[in-house]
Amino acid sequence: MRRYGKHTDEDDIRTRPGRRNTRPRTNIRPKHEDAAEGLVLTVDRGRLTCLVEDRVIMAMKARELGRKAAVVGDRVALVGDLSGKKDTLARIVRIAERTSVLRRTADDDDPYERVVVANADQLAVVTALADPEPRPRLIDRCLVAAYAGGLDPLLVLTKSDLAPPDKLLELYGHLDIPYVVTSREELDDGTAVARVREQLDGKITAFVGHSGVGKTTLVNSLVPQEQRRTTGHVNAVTGRGRHTTTSALALPLSGSDGWVIDTPGLRSFGLHHVDPSRVIHAFPDLEPGTEGCPRACSHDEPDCALDAWVAEGHADPARLYSLRRLLATRERKEGD
């Protein structure tokens with residue numbers, strides 16, 4: 001066994017430096033006053049593609065930001081190599097305050113909140129009228145997330161050549177939510193694209209929808225210079241499409257100062273992060289009926305005024321059912 005005396009001259013012994021020889025820690029962070037402003041276009045495994053003026057820059061998050069992460073749509077400040085040349089890398093040192101945030105969780109019981117898009121002006125909820133069948137419950141969830149995050153909703157109903165939009169518009173057409181109805185033929189000849197563009201000009205619009213509804217096909221028609229892989233296949237058993245978009249991507253709307261953000265297809269849209277008391281704001285047709293509710297009404301109890309409000313014909317019973325179904329999932333989460 002090797003032993004060392006008190007006064008050894010061995011040079012392979014590691015010694016810990018004293019406190020006086022270590023570099024003092026500081027909470028002072030560099031200000032980076034010369035940082036350039038940029039827009040996050042997409043995020044892929046820790047690398048962020050940003051637009052700085054007219055250059056596309058690859059960047060990573062600076063350690064000083066801690067656990068704060070940048071997402072698509074964020075306005076950021078960058079330092080380092082901003083040339084945009086191949087194999088160069090910049091650093092994101094600041095993330096500007098967000099004006100809006102689209103959040104979701106995997107389900108209502110999942111406490112892990114995912115920020116999908118930042119600073120979008122509106123949320124375009126894309127729904128097919130057939131193949132796959134429309135899912136009003138998912139639409140309602142997207143509307144709740146839009147109102148909670150400060151985004152204006154927009155309904156885009158696709159595949160009207162396969163089914164009429166009347167039934168779905170009975171639920172949402174009278175809610176003062178703008179909507180556009182499209183068909184395959186109208187997409188091919190450009191008339192549907194023109195109608196959708198009217199709702200997008202001058203705005204940052206995030207597109208969401210479950211797989212197979214034609215969301216990415218629509219985005220490709222709006223931004224033809226940036227074709228994303230699409231598919232028209234819908235599983236005959238489940239009625240659901242296959243994911244073709246795997247990450248959110250911001251694309252400039254040609255001939256306009258607007259932006260389109262394509263997001264991955266949804267399987268579910270959890271609302272764990274939304275206060276149950278705010279869910280009613282996504283149902284403007286029902287909200288006036290709550291004036292007669294008792295204090296702290298859960299809107300799913302015998303004394304709730306919404307039952308009489310709907311019975312008098314002020315709103316569709318299916319809308320009340322959707323509200324209570326959303327609230328029921330939130331209450332189960334709160335009780336866990």
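**Exercise 1. In which loop does L89 lie, between which two strands?**

Solution. L89 sits in the loop that runs between strand 4 (75-80) and strand 5 (90-95). Helices (H or I, at least four residues) and strands (E, at least two) are DSSP runs, numbered from the N terminus. The model is predicted, so local features need pLDDT of at least 70 and side-chain atom pairs count only at pLDDT 80 or more, while totals for chains, interfaces and linings use all residues. Residues are numbered from 1 along each chain as its sequence is written, and side-chain values use heavy atoms, with hydrogens and water left out.

Next, take the exposure of L89. The terms are buried (under 20% relative accessible area), exposed (over 50%) and partly exposed (in between), with a 1.4 Å probe and protein chains only. L89 has a relative accessible area of 35%, so L89 is partly exposed.

Last, look for a patch. A patch takes residues with over 30% relative accessible area and no salt bridge; like charges are joined within 9 Å, and nonpolar side chains (Val, Leu, Ile, Met, Phe, Trp, Tyr) within 5 Å. Together with M58 and M60, L89 forms a nonpolar surface patch of about 220 Å² accessible area. Accessible areas come from the Shrake-Rupley method with a 1.4 Å probe, and for residues only the protein chains shown count as cover.

**Exercise 2. Which residues of helix 4 (residues 191-200) are buried?**

Solution. The buried residues are A192, V193, V196, R197 and L200. They cover an arc of only 135° around the axis, which puts them on the same side of helix 4. The arc is that of the directions from the helix axis to the C-beta atoms. After helix 4 comes G202, with a positive phi near 75°.

**Exercise 3. Work through salt bridges of the structure.**

Solution. A salt bridge is a side-chain nitrogen of Lys or Arg within 4 Å of a carboxyl oxygen of Asp or Glu. The structure holds 11 of them.

- E186 and R195: the closest N and O atoms are 3.0 Å apart. E186 counts as partly exposed at 23% relative accessibility, and R195 is partly exposed at 30%.
- K215 and D262: the closest N and O atoms are 2.8 Å apart. K215 lies in helix 5 (residues 215-222) and D262 in strand 13, so the pair ties together parts that are 47 residues apart in sequence. Both K215 and D262 are buried.
- D307 and R324: the closest N and O atoms are 3.0 Å apart. D307 lies in helix 6 (residues 306-311) and R324 in helix 7 (residues 317-335), so this pair ties together parts that are 17 residues apart in sequence. D307 is partly exposed at 33%, while R324 counts as buried at 15%.
- D140, D285 and R319: a network of salt bridges links these residues.
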